[in-house]
Amino acid sequence: MNHSDQIAPEQGILGVLSGKSGEHTFQIFAQNRKIGSVVKLPFPMRESNNQAWAVTQLDEALKVLKDQEHFCVDPKSIDKNSNIKDSLTGKSDSSSSDFFLSNSLNAIDEPDHKRLRTLVSKAFTPRYMESLRPRVEKLANELLDQVQDQGEMDLVKDYANPLPINVISDMIGVPKSDHSKIHEWSEGIANGLGVGTADPKSAESLKLFGEYIKQLVANKRQQPSDDLISQLISIEEQGDRLDEKELISMIQLLIFAGHETTSTLISTGTLMLLDHPDQLEILKNDHSLIPSAVEEMLRYSGPSTTAGPRYALKDVELGGQQIKKGDMIFPLLKSANRDEKHFTNSEELDITRKIKRHLAFGQGVHMCLGAPLARVEGDIAFTTLLKRMPNLQLNIPREDVRWKFKLAAQGLSSLPVSF
Ligand code: HEM
């Protein structure tokens, strides 16, 4: 059945953001791009007169992400008593979310953002990310060693999930025996962070995660070693350094932002290739195309449906709409990346496409800090997989593939494959 027969297109966006759109996401976005580049969402924000908007096209999404004079990530930059964020997520107890989200790099505006980003960027350089290649390769091979003789695996459980969690945990200095705990907690947190959801279990995960990281930091202060936490502890820039709360919140963000997204890239990227056997064939015959294939996977259906909501700092016109101070704006990255004005045959997967720019990692000052790492991981994950398992096939009927939705992102619960 055609999705447009069922609900209004703008209502469909709300469905996507709360994870209820199933596989109709791109149909909904295409309908909305036809309506306009900026679409009014059919709900006023609770307890406020402000309006919410979705940005469906690339030029306007870029403007929202880059124009700091008009748009911010923290509503408290508009009004320090704002409770807009809580009214969106339905959270009544904001103390735990404050700790995890509100003080994080992704959720603060200038000048604090610049200060934190400058400090953490000193440890997080593209050169350092590249230097991790041999470690990532080793981890990918170890995971495939464990399943190679079975001739089949669940690609999500056996490869896409453990690879990024092992890489980021390793990098940060989490002992191997605790990697699975980290994964469990961050899954619990992600499950409770969708628009309009408030899962009590996520508060518990948040607490345990926070306590664990606090203890880890205390241990690294006593015994520094060759890892990111020890580096973050010692970094100083012109007499400035991260305080305890900033340090813990930064480490949580890196772990959290660093693996769910990358794991989704690996699992959904594999499914994209299985769904497009002609593209898979081209890639199998020429592994040098893998970096370009990864960019196309990110464009075609990157892990993040939307960037974090932005708020208008003042009244502004955008895409022909009058946005009022305090209004909330969702830059829909997945929709912008299918913008017909910027990509020829935008709804088609073409791993040889020459991409000038896509928005899968966002843009502007909040653009993904971990993009170079995600690219290294994506490159190695697909190279290792195709080298060792060139006869990869889906092991269940296509219609039985199960999706899961969290944090306004669409991932896979499992992906049984044979090889
Ligand atoms: C394919 C994998 C990834 C995708 C698609 C992705 C996507 C994004 C996007 C869209 C943003 C911007 C959000 C916004 O503007 O509201 C972002 C920010 C961020 N990402 Fe990623 N990410 C990925 C991997 C990673 C990794 C591996 C790390 C770290 C290890 C990471 C750390 C961060 C951080 C710290 C920010 C906040 C930056 C800031 O606010 O200055 N991400 N990511």
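Which protein atom is the donor to the iron atom of the ligand? The single donor from the protein is the SG atom of Cys368, 2.3 Å away from the iron. Donors here are N, O and S atoms within 2.8 Å of the metal, or 3.2 Å for Na, K and Ca; water is not among the atoms, so sites may look incomplete.

Before going on, some ground rules. This is a predicted model, where local features need pLDDT of at least 70 and side-chain atom pairs count only at pLDDT 80 or more, while totals for chains, interfaces and linings use all residues. Residues are numbered from 1 along each chain as its sequence is written, and side-chain values use heavy atoms, with hydrogens and water left out.

Back to Cys368. This residue lies in the loop between α17 (333–336) and α18 (371–388). Helices are DSSP runs of H or I with at least four residues, strands are runs of E with at least two, and both are numbered from the N terminus.

The loop between α17 and α18 also holds Asn345. Asn345 is not a glycine, yet its phi is positive, about 45°. Glu340 lies in that loop too, and Arg33 is in helix α2 (residues 25–35), so this pair ties together parts that are 307 residues apart in sequence. The two form a salt bridge, with the closest N and O atoms 3.0 Å apart. A salt bridge means a side-chain nitrogen of Lys or Arg within 4 Å of a carboxyl oxygen of Asp or Glu. The structure holds 22 of them.

Next, α18 and its neighbours. The axes of α14 (residues 244–275) and α18 come within 10 Å and cross at roughly 40°. That makes α14 oblique to α18. Axes are lines fitted to C-alpha atoms, for helices over the stretch in contact, and angles run from 0 to 180 degrees between N-to-C directions. Under 35 degrees counts as roughly parallel, over 145 as roughly antiparallel, 65 to 115 as roughly perpendicular, and the rest as oblique.

Where they touch, the α14 residues include Gly258, Thr262 and Leu265, and the α18 residues include Ala374, Glu377 and Phe382. Contact means heavy atoms within 4.5 Å. By class, this contact of α14 with α18 has seven nonpolar, five polar and one charged residue. Nonpolar covers Ala, Val, Leu, Ile, Met, Phe, Trp, Tyr, Cys and Pro; charged covers Asp, Glu, Lys and Arg; the others, Gly among them, are polar.

Helix α16 (residues 290–301) also meets α18, with axes that come within 9 Å and cross at roughly 115°. Among the residues in this contact are Ile290 and Glu295 in α16, and Arg375 and Asp379 in α18.

What is the angle between α6 and α14? Helix α6 (residues 112–121) packs against α14 at about 70°, with the axes 12 Å apart. That makes α6 roughly perpendicular to α14. Arg115, Leu116 and Val120 in α6 meet Glu246, Met250 and Leu254 in α14. Four of the residues in this contact are nonpolar, none polar and two charged.

Pro111 sits in the loop between α5 (95–102) and α6. A cis peptide bond joins Glu110 to Pro111, with omega about 0°.
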